[in-house]
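Student: I have a model open and want to go through how its chains meet. Can we start with the strands?

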Amino acid sequence: MNIKTAKYKVYADGTKSVQVTDTNNLEYSVPMNNDNTDYQTVLQWVADGNTIQEAD
Amino acid sequence: MSSYIGRGIDQIDNISTLDNLSFNGSLQTFNLTQNSVAFVPVSADALQIQIDGVIQSGNYTVSGSTVTFDFTPSGSSVCNGIKHFGVGLLTTVSDSSITTAKLGADAVTTAKINDGAVTSGKIASGVIPSTRPNANPLIINGDMAVAQRGTSTSGITGSNQFVVDRFRFDEGADATLTMSQETLTSGNAFDVGFKKSLKVLVTTADGSLASNQSEQLMQQIEAQDLQLLKFGTSNAVNLTLAFWYKSNVTGTHVVTLDKSDSTRTTCPVEFTVSSANTWEHKVLNFNADATIKASTGAIANDNGTGLRVMWNLAYGSDYTSGTNGDWTQNGVSDFSTSNQQNIVATNSNYVELTGVQLEVGEFTSATIPPFQFESYGDNLFRCQRYYHKNDTTRWIGAYKRHDADTAFYYTMPRAMRTTPTLSSSDLGFFSNMQSALGSALSNLGGYEYDAENGTMIVDCDSNYSGTHTFIPSWESQVIEFSAEL
């Protein structure tokens, strides 16, 4: 997953996920769970200086 | 003539003295007797006949209890004696008298062992384990039967690519590849029961790898399923990896076990592709040594990656400092050996793989236990812990609240490894079972995942104008759930 953009999504129960769009314009809903390897990729993307947009 | 000191040879066991013959100058055939009783020698060579003081040799034959000379002894000739060297000395060995030392190496052939005569007590401990320590194969989908995502993907240029379940390909150079599930109809792998394989084909070559570039096909095994390996202790087990492999590129290839968590510990093992375009069975040993037995060799008991089994298609020089068969803790630099080939160097190069099994113990091609064929259903179920796709059934019954959010309760085929990532190539549409409700869906998501039961709320935004309303149906949607390692 090569991340182009990332944005939070807030659910009815108040939890969040990260809505990722990759460089092929495919969209993913990535749970904020450290065991999820896609979320590890998101965290690395943030560590590289990128920012997750706030939810609408 | 020197004297013989000792008892007479007629007193030695199994040497018999026969009655002397009487000659009449006309007969050539005579009856052999001992104490006037017919005597049957075991062969002509077992007899020593002396006539007129001369020991006869090669001039007579025996048949039953008669001897026939090829000349006619004269009537004046005298038979001085007949000795028979018999049972227990020359021709028949006494019972229980052959010692191990008297047997030559490899003297006992299969034909000399009676069918069903080898008992378990004759097999040394550890040569053939009575049972595997693992109930299910450590490698999932080793026969490449399950491919939930589809049977082919072309234009591969990135990492984390799947076609056949559980086998991930990382393209980390400047090549482009196609990965496909192949159907076997002939060949050595087919002959032993494999009907599917995974093929990685080079469609755009990269003949000049940068030092930090790589191409690898792998299966990552969940850590908590590998505690039986006892890595990080003095009881760490040996491992044997076996697989069927085919490539147009002959020569040295490398497969690596990579324990990636905590202190990375890796072991590359070389193997040879002898014949191009031919299925060959490879059996490779990864023996536990002091490095993997050290505490830093331990595999964490969790749901992360415990071990990566990596077929190395190409590695730049940053990754090729490993030593064949050695576990080391030098990071990624020891992923492979300097003999590693660049499979992506030429267009149309390929590797094809099936029948992958990872066994506890040290085996050879002669002793490796048979591949554990699972039913398709069991195989699929194990794969679905890491990935599944829902693309054929409509979902019934959801609630759309005051805004765009619409929530469905979804039960997965099984609990997944961890909270899955959701993605979709087609979100389909909501309907009342007759016509569409709204025109566009977006912003797929999931929450309240139940890790024990595999249920979650799947949420999607709709532009349908209704609020606080029941949504009867979600149709034509394709939703993928991934909890891959």
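**Strands across the interface**

Tutor: Strand β3 (residues 27–31) of chain A and β25(B) run antiparallel and are joined by two bridges. Keep in mind that this is a predicted model.

Student: Which residue is the bridge partner of A:Tyr28 in β25(B)?

Tutor: B:Ser423 is the partner of A:Tyr28 there.

Student: How many residues of each chain are in contact?

Tutor: Chain B has 23 residues in contact with 17 residues of chain A. The area buried between the two chains is about 1,600 Å², and carbon and sulfur atoms give 39% of that area.

Student: And how many salt bridges does the rule find across the interface?

Tutor: Two salt bridges between chain B and chain A. In a salt bridge with an N to O distance of 4.0 Å, the side chain of B:Asp461 meets that of A:Lys9.

Student: What about polar contacts, how many residue pairs?

Tutor: The rule finds 14 residue pairs in polar contact across the interface of chain B and chain A, both residues being at pLDDT 80 or more. On the side of chain B that touches chain A, the elements giving two or more residues are β25 (421–426), β28 (441–450) and β29 (455–462).

Student: Which element gives the most?

Tutor: β28(B), with six residues. By residue class, the side of chain B that touches chain A has six nonpolar, ten polar and seven charged residues.

Student: Where does β28 sit in its sheet?

Tutor: The sheet is open and has seven strands of chain B, in the order β27-β26-β30-β23-β24-β29-β28, with antiparallel pairing. β27 (436–437) and β28 of chain B are at the edges with a single partner strand each, so one side of each has no neighbour in the sheet.

Student: How many bridges join β26 and β30 of chain B?

Tutor: Three bridges join β26 (residues 429–431) to β30 (residues 469–475) in chain B, and the two strands run antiparallel. B:Phe430 stands opposite B:Trp474 of β30(B).

Student: Changing topic: what domains is chain B divided into?

Tutor: Chain B has domain 1 (1–124), domain 2 (152–379) and domain 3 (387–482). Between domain 1 and domain 3 of chain B, the C-alpha centres lie 96 Å apart.

Student: Last one, the hairpin of β7(B) and β8(B). Which residue takes a positive phi?

Tutor: B:Gly64, near 60 degrees, in a hairpin with two residues between the strands. Four bridges join β7 (residues 60–63) and β8 (residues 66–69) of chain B, which run antiparallel. One bridge pairs B:Ser63 with B:Thr66 in β8(B).

Note on methods
Residues are numbered from 1 along each chain as its sequence is written. Chains are lettered from A and ligands numbered from 1 in the order in which they are written. This is a predicted model: local features need pLDDT of at least 70, side-chain atom pairs count only at pLDDT 80 or more; totals for chains, interfaces and linings use all residues. Side-chain values use heavy atoms; hydrogens and water are left out. Contact means heavy atoms within 4.5 Å. Buried area is the accessible area (1.4 Å probe) that two parts lose on being put together, summed over both. A polar contact is a pair of N or O atoms within 3.5 Å; within protein, one must be able to donate a hydrogen and the other to accept it, and residues adjacent in sequence count only if both atoms are side-chain atoms. Ala, Val, Leu, Ile, Met, Phe, Trp, Tyr, Cys and Pro count as nonpolar, Asp, Glu, Lys and Arg as charged, and the others, Gly among them, as polar. Two strands pair if DSSP finds at least two bridges between them. Domain bounds come from an automatic or database domain assignment.
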